[in-house]
Amino acid sequence: MIRLFCVYFDERPVWRSDCIEPIQAGRARTGLKLDMIGDDTGDSISAENLRYGEMTAWYWVWKNWLPAHPEADRIGFCHYRRFLDYGNLAKKKLRTTYRKFKRVFARYYNQAEIGRATAGFDIVMRRPQDCKAPTPRAEFVKGHPLNAADWDRFEQVVRERNPDAAAAIDAALSTPLLAQELQFVMKRDVFEHFMEWTFGVCRECERRAPWGGESEGPRARTPAFLIERFFMVWLAVRRRDPAFRVKELSLVKLTGRREEVKTYERYSGWRNGRKEFTAAQMRAKHPETMIEEAVWGMLPKNNIARKMMTRLKIF
């Protein structure tokens, strides 16, 4: 059985299928409770979401969901607006709208199709990207100048724990390729090894010194950024085994937030009688009004246009 967990932080369109399960990351920190499983029960680091980002959901699955589901042989993660391209959808474009993606979601994001795309591989992941810097460290320090010491400590712990893989580590850290916006599907034992390897390094780094840099905002996610950038190091260590098979796919990004951003207004004529609706709310309650307003917006504002509008029939 394959199980992909789609990570959420707040209210967004929910993707769910026979193999994709939505999960809320950081529930313990935000207090928001979405209609899906959360990462704040059992053995959890949900309260550390500010530092670890969506990795708090990874940790919860590893420690709580996986032991309760021995039938799961492949585990993966995606993001509510980023998915691996299992259906070869991105032949020309790597970006698509929510509405277009919804048309193909049921066809390609199910047990059968994802099972076919991942069969025979230890890990299926996003194709590595050029970080536009000489090395991953240079890219990291440029974006996080206050965290150079964190990178050095993380690298030191990785080297101490993998003394026989010095050549593989050197090779991974000298290439500009990174697995940013990390998405993957792994065999169960591979995922467990990755989590043990990753969080073992993180906990040792925390034991030696606290994470530096900013304590609030996106740049506070120091360990999350380091995990992403050292993923290629872990992969290089595993790839020393010639039987270890990796498949790389493109990443489809969902754009277009018109359903959330575009609004419609109504006035009753009384004080405080203004009401505002999002496009999603209007589409659910009065879809014909959206068409009427779109047509009216394309016509000249005169008596002829008003007469033409009386002949508009919506079925």
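Author: We will go from the overall picture to single residues.

Author: This is a predicted model, in which local features need pLDDT of at least 70 and side-chain atom pairs count only at pLDDT 80 or more, while totals for chains, interfaces and linings use all residues. Residues are numbered from 1 along each chain as its sequence is written, and side-chain values use heavy atoms, with hydrogens and water left out.

Reader: What is the average pLDDT of the protein chain, and where is confidence lowest and highest?

Author: pLDDT is the predictor's confidence in each residue, from 0 to 100. The protein chain averages 88, and 95% of the residues score at least 70. Confidence is lowest in helix α11 (residues 258-261), with a mean of 65, and highest in α3, at 95.

Reader: How many helices and strands are there in the protein chain?

Author: Helices (H or I, at least four residues) and strands (E, at least two) are DSSP runs, numbered from the N terminus. The protein chain has 14 helices and 14 strands. Its C-alpha atoms fill a box of roughly 80 × 45 × 40 Å, taken along the principal axes.

Reader: What percentage of the residues in the protein chain is buried?

Author: Buried means under 20% relative accessible area, exposed over 50%, and partly exposed in between (1.4 Å probe, protein chains only). Buried residues make up 45% of the 315 residues here. As for contacts, meaning heavy atoms within 4.5 Å, 66% of those between residues at least 6 apart in sequence join residues at least 24 apart.

Reader: Let's take α3. Why does its length agree with what a helix should span?

Author: The expected span is 1.5 Å times one less than the number of residues. Helix α3 (residues 55-68) has 14 residues and should span 20 Å; its end C-alpha atoms are 19 Å apart, which agrees.

Reader: Where is the kink in α3 centred?

Author: The bend at a residue is the angle between axes fitted to the seven residues ending there and the seven starting there. In α3 there is a kink of about 40 degrees, centred on Val61.

Reader: Why is α3 described as largely enclosed?

Author: Because 10 of its 14 residues are buried, α3 is largely enclosed by the rest of the structure. Among the buried ones are Trp58, Trp60, Val61, Trp62 and Trp65.

Reader: Which residues have the most contacts inside the largest nonpolar core?

Author: A nonpolar core is a set of buried Ala, Val, Leu, Ile, Met, Phe, Trp, Tyr and Cys residues joined through side-chain atoms within 4.5 Å. The largest has 56 residues, and Ile123, Phe184 and Phe231 have the most contacts inside it. Helix α10 (residues 222-238) gives the most to this core, with 11 residues. A second, separate core of 28 residues includes Leu34, Tyr80, Phe83 and Tyr109.

Author: Now look at Val237, which lies in helix α10. Val237 is buried, at 9% relative accessible area. Leaving out residues up to four places away in sequence, Val237 touches Asn162, Ala165, Ala168 and Ile169. The C-alpha atoms of Val237 and Ala165 are separated by 6.2 Å, although the two are 72 residues apart along the chain.

Reader: Is Arg82 buried or exposed?

Author: Arg82, in strand β5 (residues 82-84), is buried, with a relative accessible area of 9%.

Reader: How many disulfides does the count come to?

Author: A disulfide is taken as a pair of cysteine sulfur atoms within 2.5 Å. The count comes to zero. For Cys19, the nearest cysteine sulfur is that of Cys78, 8.6 Å away. Cys19 is buried, with a relative accessible area of 0%. For Cys131, the nearest is that of Cys202, 20 Å away.
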